[in-house]
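Here is a short briefing to read alongside the structure. Take a moment to turn the model around before you start.

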Amino acid sequence: MNKFATILAGGGGTRFWPLSRQELPKQLLNISGNDIMLNDTIQRFNGVIPMENTIVVTNRSQAVLLESIMHTSVQPGNILAEPVAKNTAASILLAALFIEKHHGDSLMVVFPSDHHITEEDKFKKTLDHACQIAMETGKLVTIGIKPTFPSTGYGYISCQNEAFMSKPCSVYEVAEFVEKPNFAKAQSYLSSGHYLWNSGMFIWKTSSILDNFKRFLPRLYKTMLPLMAYMGTSQEIEMINDIYPSLQNISIDYGILERCDEVVVIEGDFGWNDIGSWDALGAIFPPDEHGNIVKANYVGIETRNSIIYGENRLITTLGIDGLIIADTKDALLICSKEKAQDVKEIVAMLKEKGMLEYT
C-alpha cells in the first residue's frame with residue numbers, strides 16, 4: 001500500500017509571537033539552528049515514507065514563501081493551499097480526498113510541522129509499527145507520548161489497561177481524549193500511569209478516515225466531496241475558494257477521534273516535544289547554570305530561570321526570575337513563563353485593535 005506523509009503547516013504560531021507571524025509562522029523559521037521546522041519534519045520521514053510522497057497543507061498566504069524554502073523533494077503539486085483556516089478536520093479531509101483521487105486507497109500519516117524529536121531512529125521504528133497496525137486492522141492509530149511531567153499545555157489520551165494487540169508492539173484502545181487539564185488534574189494523570197500526551201500524530205488508511213468523515217462529519221464531507229472532481233484541473237482553485245468559507249471549523253479530535261470507537265494508541269518514546277510556545281525552547285537548547293535559555297546579544301546580572309531571545313539589539317537584565325523576553329525589530333514581548341501558553345491572547349488583542357502590521 002502506498003504511504004503518504006501529510007504535514008499540517010497552516011497555523012499562525014501565535015504563542016510564538018512576536019517572532020512568529022501569520023505570513024512567517026514558526027514552522028517556517030529556523031528555531032533549532034539546523035533548518036526550518038517544516039524541513040526538519042519532512043526529513044524525519046526519510047526511510048519510512050518516500051519523500052516525494054510528502055503532502056503539505058498550508059494557508060494560501062504562506063504558500064509562496066513555503067514553496068521557495070521547503071525541501072526540494074516535495075512536489076509543487078503536493079502543496080495544498082487553503083484560502084481560509086478551518087481547523088484540522090478540513091485540512092485532513094482535503095489531503096485524504098487528494099490522495100484518494102490520485103492514488104486510490106493509501107496509508108496516510110498525519111503530522112504537525114512544528115515538533116522537535118531528538119531520537120529519530122526510535123521515531124522511525126515507532127512509525128513503522130503504527131503503519132503496520134493501521135494497514136492490518138483498518139483502525140485509526142495515534143501515537144501517545146509517555147508524560148514526563150504534569151504538563152498543562154498538552155492534551156491527554158486515556159487508554160485501556162489491557163493491550164488490544166501485542167505485536168508489533170503494545171497497542172491499546174483509546175478510552176478518552178482529554179483537553180488540556182489544570183495542574184492538579186495533570187498531576188493525577190501522571191501518577192495514574194494510564195494517560196499519554198496527545199501528540200497530534202495520526203496514521204490511517206484513507207478509506208478508513210473517509211468512512212469516519214461520512215459517519216461523524218457528514219456535512220463537512222458532503223460539502224468537500226465535489227472538490228475531488230476538480231483536483232488537478234484549472235477550476236480547482238475557484239472551487240476551493242467557493243467551498244471553504246462555509247466549512248465547519250472543527251478539529252479532527254472533536255469531530256471524529258473523540259466520538260469514534262475504532263481509535264487505538266501506541267506509546268512513543270523518542271525525545272518528543274511540541275515547540276508550541278516560548279517555554280518549550282528548553283527542549284532544544286539546554287539552560288545555563290542559572291536556568292536561563294539565551295539566544296540573544298545579552299548581558300545579565302542576577303537573572304534566573306528566564307528565556308531571552310533577541311536579534312541584534314543588546315538585551316540587559318538585572319534581578320529577574322522566570323520571565324520570557326522576546327525582542328524583534330518591531331515588537332518586544334515580556335511575560336511570565338507561567339503565561340507562555342497565553343501569548344496568543346496578545347495576538348488576538350492586537351487584531352481587535354486593528355494593529356495588523358504586528359501580527
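Predicted model: local features only at pLDDT ≥ 70, side-chain atom pairs only at ≥ 80, totals over all residues.

The protein holds 11 helices and 17 strands, and 53% of its 359 residues are buried.

**Overall shape and surface**

- For a chain of 359 residues, a compact globule would have a radius of gyration near 21 Å, and the protein agrees because its own value is 21 Å.
- The C-alpha trace spans about 60 × 50 × 35 Å along the principal axes.
- Of the contacts between residues at least 6 apart in sequence, 68% link residues at least 24 apart.

- β4 covers residues 107-112, and six of its six residues are buried.
- In a regular strand, side chains alternate between the two faces of the sheet.
- In β4 both faces are covered: Leu 107, Val 109 and Phe 111 are buried on one side, while Met 108, Val 110 and Pro 112 are buried on the other.
- Strand β1 (residues 3-8) runs parallel to β4 and is joined to it by six bridges; within this pair, Phe 4 stands opposite Met 108.
- Strand β9 (residues 195-205) pairs with β4 in the antiparallel sense through four bridges, and here Ile 203 of β9 stands opposite Val 109.

**Helix α6**

- The buried residues of α6 are Thr 206, Ser 208, Ile 209, Leu 210, Asn 212, Phe 213 and Phe 216.
- Their cover includes the helices α3 (87-103), α7 (218-224) and α10 (252-257), along with the strands β4, β6 (140-145) and β9.
- Asp 211 also belongs to α6, which spans residues 206-216, but Asp 211 counts as partly exposed because its relative accessibility is 46%.
- Asp 211 and Val 299 are 88 residues apart along the chain, and 58 Å separates their C-alpha atoms.

**His 116 in strand β5**

- His 116 is part of β5 (residues 115-117), and its relative accessibility of 15% is why it counts as buried.
- Setting aside neighbours within four places in sequence, His 116 is in contact with Arg 44, Gly 271, Trp 272, Asn 273, Ile 275, Ala 283 and Ile 284.

**Backbone details to check**

- A cis peptide bond leads from Trp 17 to Pro 18, with omega near 10°; Pro 18 sits in the loop between β1 and α1 (37-44).
- Another cis peptide bond runs from Lys 167 to Pro 168, with omega near 5°; Pro 168 is found in the loop between β7 (156-159) and β8 (172-178).
- Asn 87 has a positive phi, near 80°, though it is not a glycine. Asn 87 lies in helix α3 and is partly exposed, at 34% relative accessibility.
- Glu 302 has a positive phi too, near 50°, and is likewise a residue other than glycine. Glu 302 lies in strand β13 (residues 298-304) and is exposed, with a relative accessible area of 61%.

Methods:
Residues numbered from 1 in each chain as written. Heavy atoms only, no water. Helix = DSSP H or I, 4+ residues; strand = E, 2+ residues; numbered from the N terminus. Rg over C-alpha atoms; globule rule 2.2 N^0.38 Å. Buried < 20%, exposed > 50% of the residue type's maximum accessible area, 1.4 Å probe, protein only. Contact = heavy atoms within 4.5 Å. Pairing = 2+ DSSP bridges.
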